[in-house]
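This report is written for a reader who meets the structure for the first time. Please keep the sequence and the model in view while reading.

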Amino acid sequence: MIIMKTAEDIVIATLALATMSAVPFVSSSYIVFLLNGIMVLALCSLSFNLVYADTGYMNLGNSVPFGVGAYAFAFALSHNWSATLAVVVSILAILFFSALSGIFIVRLKGAYYAIGTLALVLFAQALAYNLGWLTGGYQGIIVSVTVGSAYSAYYILAFLNAVLLLLTAAIRKSSFGYRMRSIKGNEIVASTLGINAAVNKVIVLIIGSLFAGIAGILSTSYNGFVTSESSFGISITFLPVIMAILLGSFSIVAPLIGVTIVALASEIFVTTIPQLTDFMLGILLILAALYPKNLIVLKNSRFLKNKSGVRSASS
Amino acid sequence: MQVLKIENLSHVFGPLKVLEDVYLDLEDNTITAIIGPNGSGKSTLFNLISGTLRPQGGNILFNGINIAGFKPYVIARRGVSRTFQDPQPLCGMTVLENVKTASLLTGTASKESLLRILVQCSLENEADTDAAGLSFAKLRFLELARVMAMKPKLLLVDEPFSGLNTSEIERMSNLLLRMRDEFGTSTLISGHLVGHLAKVAKEFVALHRGKVIAKGSFDEVRNNPAVIETYLGESNVEN
Ligand SMILES: Nc1ncnc2c1ncn2[C@@H]1O[C@H](COP(=O)(O)OP(=O)(O)O)[C@@H](O)[C@H]1O
Ligand SMILES: [Mg+2]
């Protein structure tokens, strides 16, 4: 396992887990909500990075499966389907749409792929506004939730983030990881080595989309609503992606620190200078782009060490 | 038995006829050299056989099956490997990872067997360096190391000697002969250094402006009037 090598790593992971599990018991529901928001962004960032770090393909449409999950779950709950059925239907919808878009965009290369995936977000946004019977149009869908939902979402999100982190590391070591990295290294050469780039690209996109989609389901489950903005707005579409692109080259964990800082900063701006929130976030992101290392604060720390050894060449 | 039989293969890039009605037979377990001045269509022929370029017409029979138009990964899985005239490393991956990726084709290769390939290619000290940072000569050998890990039935090596010194050419030649003897690989090798090519190749094919102008043994091709005329005054053929 790449991200847990030493005894020190295991101690840190255990402490982190213990702290995470204790938080809901010792803090207010406000904190739980805040952490949920951060973990949703973290999951989106990791799922984007799963595709990007190894294949080099920028899926700017990662918020589409998020929205599909969020809307499908809200639709099902608002029609009084059971929670289990709602989850199953939402996951099937996520898999269906991610496979569909994967096959649709698989021919695109480089910047065209990024643009194509971004176009899918605009497409999804338009559908969300226009298919009122399905999505509630501009108002979106409201579902009833209890405080308990936030607490369950909290643990599921923490668990899924850990799973995706370990999965990312495991894939990198596997032959699937080698195939994906060869696609990034030189797609034509990869094909002459017998690697079916298209199939690998679609598979990894589906895996990444599944996690982003489940983040969407969970976001509906504790927020109690879904709108086009909450799914396809700047926050889900770009923040996790920006953090993964800026910080992903340092380590697998670095983007998570990035989204945490930006989400906390955003919370502080909203509560202190609400009119200037977007302005301040813009400045923060520009600074992050200029000085990515400083954003992780922990300069020269363990989080900056590229233990995966994967992306040092490209950064 | 013929491992490769090319019939009636033509290719145009816009108005430019790059290959015209090419016929070619490759014998099993044999190294065949394909020579011709720059621009005569050698690399295009390799691209068509390996599928990185889509044929516009003609047949490419590999072990009796027409692979013309198959996807490159399908052709590779059937046992056809190639190297590139301009070395193409898998960037962001180490030398060892480059070779390991190639070895996935044949299933499980032990780390020892991969390291043995690196030793044979004099790449053992670079095993853990990013392939993109290798010197030109090392990159040439990485191209070969990858195809060695694939144990191909048919190998296309595009100008493997270009840019190498004499001892490196000898090492490269020995590796090609070894692949023939160990895996039964049939090889099509392109180049200009006919003297060095003659040491490994049993058959010669001369290409000129997309047409095969001579076939046969080294001496037959060398003494062919059309070949002599083509090369008269050309400086890129050495002995
Ligand atoms: N992708 C391409 N587009 C247009 N012309 C090309 C392309 N590739 C090769 N050519 C042209 O085809 C001819 C044959 O090139 P090539 O097959 O590389 O020859 P060789 O390998 O024998 O030097 C040259 O005139 C070259 O300029
Ligand atoms: Mg050439």
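The sections below treat confidence, nonpolar cores, the surroundings of the ligand and some single residues.

## Confidence

The model is a predicted one. Chain A has a mean pLDDT of 89, with 91% of its residues at 70 or more. Among the elements of chain A, the highest mean pLDDT, 98, belongs to helix 9 (residues 187-192), whereas helix 16 (residues 292-295) has the lowest, 72. Over residues 306-315 of chain A, pLDDT stays under 50. For that stretch of chain A the model has 26 contacts beyond four places in sequence.

In soluble globular proteins, nonpolar side chains tend to be buried together. The largest nonpolar core of this model holds 75 residues, and the members that touch the most others are A:Val40, A:Leu43, A:Ile141, A:Leu157 and A:Val262. Helix 2 (residues 29-55) of chain A supplies the largest share of this core, with eleven residues.

The residues around ligand 1 belong to chain B: B:Phe13, B:Leu16, B:Val18, B:Pro37, B:Asn38, B:Gly39, B:Ser40, B:Gly41, B:Lys42, B:Ser43, B:Thr44 and B:Gln85. Strand 2 (16-27) and helix 1 (42-50) of chain B each contribute at least two residues to this shell. Helix 1 of chain B gives the most, with three residues.

| Residue | Part of the residue | Distance to an oxygen atom of ligand 1 |
|---|---|---|
| B:Ser40 | backbone N or O atom | 3.3 Å |
| B:Gly41 | polar backbone atom | 3.0 Å |
| B:Ser43 | side-chain N or O atom | 2.8 Å |

Taken alone, ligand 1 exposes 550 Å², and the protein buries 59% of that area.

## Single residues of chain B

Most residues other than glycine have a negative phi. B:Ser122 has a positive phi, near 55°, and is not a glycine. This residue, B:Ser122, lies in the loop between helix 4 (111-120) and helix 5 of chain B. B:Ser122 counts as partly exposed because its relative accessibility is 24%.

B:Glu159, likewise not a glycine, has a positive phi of about 45°. The loop between strand 7 (154-157) and helix 6 (166-183) of chain B contains B:Glu159. Is B:Glu159 buried or exposed? With a relative accessibility of 5%, B:Glu159 counts as buried, since the cut-off for buried is under 20%.

B:Phe136 is placed in helix 5 (residues 136-148) of chain B. Its relative accessibility is 40%, so B:Phe136 counts as partly exposed. Apart from neighbours within four places in sequence, B:Phe136 is in contact with B:Pro87, B:Ser162 and B:Gly163. Between B:Phe136 and B:Ile60, which are 76 residues apart along the chain, the C-alpha atoms are separated by 32 Å.

Notes
Residues are numbered from 1 along each chain as its sequence is written. Chains are lettered from A and ligands numbered from 1 in the order in which they are written. This is a predicted model: local features need pLDDT of at least 70, side-chain atom pairs count only at pLDDT 80 or more; totals for chains, interfaces and linings use all residues. Side-chain values use heavy atoms; hydrogens and water are left out. A nonpolar core is a set of buried Ala, Val, Leu, Ile, Met, Phe, Trp, Tyr and Cys residues joined through side-chain atoms within 4.5 Å. Buried means under 20% relative accessible area, exposed over 50%, partly exposed in between (1.4 Å probe, protein chains only). Helices (H or I, at least four residues) and strands (E, at least two) are DSSP runs, numbered from the N terminus. pLDDT is the predictor's confidence in each residue, from 0 to 100. Contact means heavy atoms within 4.5 Å. A residue is near a molecule or strand if one of its heavy atoms lies within 4 Å of it. A polar contact is a pair of N or O atoms within 3.5 Å; within protein, one must be able to donate a hydrogen and the other to accept it, and residues adjacent in sequence count only if both atoms are side-chain atoms. Accessible areas come from the Shrake-Rupley method with a 1.4 Å probe; for residues, only the protein chains shown count as cover.
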